[in-house]
Amino acid sequence: MLPTLKEQASRPMNPSINQALRLITLWIAWLLAMLFHVDLGLMPLFHGQSPEIHSHVQEGALPLLFGAMLGYFLLPLIAIVLIAYAATTVGPATRWRPWRRIHFWFSVVYSITNVPHLIADILVPDARLDQIVLMVALTVFGLLINVEAWRWWRQTP
C-alpha cells in the first residue's frame, strides 16, 4: 500500500536526493510544454488554416500583454539559473535558504495560473484535445515542481 502524504511528510528527507536537479528538470519540462502549447496553437498556419482566436484585449493593451508573457517565460529561466547556483555554491548553503522559500511560493503562483488556463481550454467550444493534453501536462509538472520546491525549501542545508 502506498504511504499517505502525511506519512511521507513526516519521514526524514533522504539527503542523497538532489531536489535542485529535480527542480531544474521539471522547470525545463514545464517550459518545453509551454512552448509546445504555443507551437501547437500556431500549427494551423502550416496547413492553410487560420490560428486566429477572437481577442477580447484592446489593441492598445497588447504591448502590456506581450511584456507579461515575456516575463512569464523569463522568470522560470531565471529560477533555473538561481537553482543551479544555489545547488553548486561554495560556502554555507544557508545563505540560499531565502531563495528556496521564495522559489516555493513562486512555483505555487505558477501552478495557480495554470489551473484557470486549463479550465478555459476545456470550456472553449472548439477546444482542441492536443491543447488540453498539454495544459494537463503543464498543471502536473507545476504540481510536481511545488512538491519538490517544498522539499528543497524544508531540506536541511
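Modeller: Along the sequence, the pattern of the chain is α-α-α-α-α. The model is predicted: local features need pLDDT of at least 70, side-chain atom pairs count only at pLDDT 80 or more, and totals for chains, interfaces and linings use all residues. Residues are numbered from 1 along each chain as its sequence is written, and side-chain values use heavy atoms, with hydrogens and water left out.

Colleague: How many helices and strands are there in the chain?

Modeller: The chain has five helices and zero strands. Helices (H or I, at least four residues) and strands (E, at least two) are DSSP runs, numbered from the N terminus.

Colleague: What makes the pair R22 and E148 a salt bridge?

Modeller: A salt bridge needs a side-chain nitrogen of Lys or Arg within 4 Å of a carboxyl oxygen of Asp or Glu. For R22 and E148 the N to O distance is 3.2 Å, so the pair meets the rule. R22 sits in helix α2 (residues 19-42) and E148 in helix α5 (residues 129-154), so this bridge ties together parts that are 126 residues apart in sequence.

Colleague: Why is E148 called buried, and why is R22 called partly exposed?

Modeller: Buried means under 20% relative accessible area, exposed over 50%, and partly exposed in between (1.4 Å probe, protein chains only). E148 has a value of 7%, so E148 is buried. R22 has 36%, so R22 is partly exposed.

Colleague: How far apart in helix α5 are E148 and R151?

Modeller: E148 and R151 are three residues apart in helix α5, which means about one helical turn lies between them. Their side chains also meet in a salt bridge, at 3.2 Å from N to O. R151, at a relative accessible area of 27%, is partly exposed.

Colleague: How many salt bridges does the rule give?

Modeller: The count is three salt bridges. One of them joins the side chains of D130 and R128, with 2.7 Å from N to O. D130 is partly exposed because its relative accessibility is 26%. R128 is partly exposed as well, at 31%.

Colleague: Why does T139 count as buried?

Modeller: T139 has 12% relative accessibility, so T139 counts as buried. T139 belongs to helix α5. Setting aside neighbours within four places in sequence, T139 is in contact (heavy atoms within 4.5 Å) with N114, V115 and L118.

Colleague: Which residues make the nonpolar surface patch?

Modeller: L70, L74, L75, L77 and I78 make a nonpolar patch of about 440 Å². Patches are made of residues with over 30% relative accessible area and no salt bridge: like charges are joined within 9 Å, nonpolar side chains (Val, Leu, Ile, Met, Phe, Trp, Tyr) within 5 Å. I78 lies in helix α3 (residues 62-87). At 45%, I78 is partly exposed, so I78 passes the limit on area.

Colleague: What does the accessible surface of the chain come to?

Modeller: The figure is about 10700 Å², with 72% belonging to carbon and sulfur atoms. Such areas come from the Shrake-Rupley method with a 1.4 Å probe; for residues, only the protein chains shown count as cover. Of the 157 residues in the chain, 29% are buried. Of the contacts in the chain between residues at least 6 apart in sequence, 80% join residues at least 24 apart.
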